[in-house]
Amino acid sequence: MEKSWYIFPLTLCAALFLFAGVSRISNLVLSASASNTSDVTTNPVLLFHGLMDNYKTMEYMARKIERDFPRTYTHSIKLYPDDLSLVSLAVQSENLIKYIEKLNLKGPITFIGHSQGALVGRHALQNWDNHNITRFISLAGPHMGVSKVPPIKGRMGGYENFLNDTIAAICYNAAGQEFSLCNLWNDPTKQSSYKKNNKFLSSSLCQTQRKKCKGQARNLKKIKKMVLIGGPQDGTVYPFESTLFGYYNSKWGIVPRRNQTFYKDLGLKNLEKGNRIVECIKVGVEHVQFAFNDDVYNDCVKPHIG
């Protein structure tokens, strides 16, 4: 969720025409990427990249983990690189489960996701009855979605509302929801349209499709630690509190995680009661940097590995 945000509307419009068939090759990507690692049993750590990125983005952190924890196996997930990251998040989540199963890892898994990769990872483990992910580390993951186009060079003039309304019009329909960019769009002033059309995000938060909620909560509560990492200078995820399960209300005021309607139903209250949710807020770190910043790694990630 990095490079393309500054040309969000143009990228999205182009995607609707140029990548209309991209989800059809998802299984080819899956079959070509995962390899069986049944002999690996020691503290596996999986890392998943964000939008318009690829597995190489996570290699820096993977090498640091291997250095600090020599008996730990790391694997940067090779699904949906670069333009293929525009595939709908529901499809990505489904194939992420298949990919991890094919790895055949036998130890309790730590999952680290950056940006969109964190959201896909959470959705996957919520809908995976037999997962063995015990630690979930989210690097600037937009768990509540995003609501604004980041300002270009800090300024948008009078175009911000127009752009945001245009994106909502594109995203809140069946065609738009075939693309990951639209799966992230959560306009706090258009909640009826959001819940009607953005089934991926709203159902992952128990806001719609309530029949799935009990199972999602049960699977989420299997993890022993959820680490939520974000910061006010993110510059891409608006509001940055989305990385902590907070979000805007209809008047653009922040509603924290504990006051969200899904807090109990999704299982977050249970995790928090057991001290299994950790927040790590880093000031001065921009969105892309969360995958590379040494302070983020040392203060937020390293204490929860091994």
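**Asparagine 183 and its surroundings**

Modeller: Let's start with asparagine 183, which touches Ser88, Leu89, Gln177, Asn198, Phe200 and Leu201, leaving aside residues up to four places away in sequence. Contact here means heavy atoms within 4.5 Å. This is a predicted model, where local features need pLDDT of at least 70 and side-chain atom pairs count only at pLDDT 80 or more, while totals for chains, interfaces and linings use all residues. Residues are numbered from 1 along each chain as its sequence is written, and side-chain values use heavy atoms, with hydrogens and water left out.

Colleague: Why is asparagine 183 called buried?

Modeller: Buried means under 20% relative accessible area (over 50% is exposed, in between is partly exposed; 1.4 Å probe, protein chains only). Asparagine 183 has 2%, so it counts as buried. Across the protein, buried residues make up 57% of the 306 residues.

Colleague: And where does asparagine 183 sit?

Modeller: In helix H7, residues 180–183. Helices are DSSP runs of H or I with at least four residues, strands are E runs of at least two, and both are numbered from the N terminus. The protein has 12 helices and 8 strands.

Colleague: What makes H3 oblique to H12?

Modeller: Helix H3 (residues 59–68) and helix H12 (residues 294–301) pack at about 50°, with axes 11 Å apart. Axes are lines fitted to C-alpha atoms, for helices over the stretch in contact, and angles between N-to-C directions run from 0 to 180 degrees. Under 35 degrees is roughly parallel, over 145 roughly antiparallel, 65 to 115 roughly perpendicular, and the rest oblique. The angle of about 50° therefore makes H3 oblique to H12.

Colleague: Which residues of H3 and H12 meet?

Modeller: Tyr60, Met61, Lys64, Ile65, Arg67 and Asp68 from H3 meet Asp294, Tyr297 and Val301 from H12.

Colleague: Now the open sheet: what makes S2 and S8 its edges?

Modeller: The sheet has 6 strands in the order S2-S1-S3-S4-S5-S8, with parallel pairing. Strands S2 (74–76) and S8 (277–281) each have a single partner strand, so one side of each has no neighbour in the sheet.

Colleague: How do you know that S5 and S8 pair?

Modeller: Two strands pair if DSSP finds at least two bridges between them. Strand S5 (residues 225–230) and S8 have 5 bridges, in the parallel sense. In one of them, methionine 226 has isoleucine 277 in S8 as its bridge partner.
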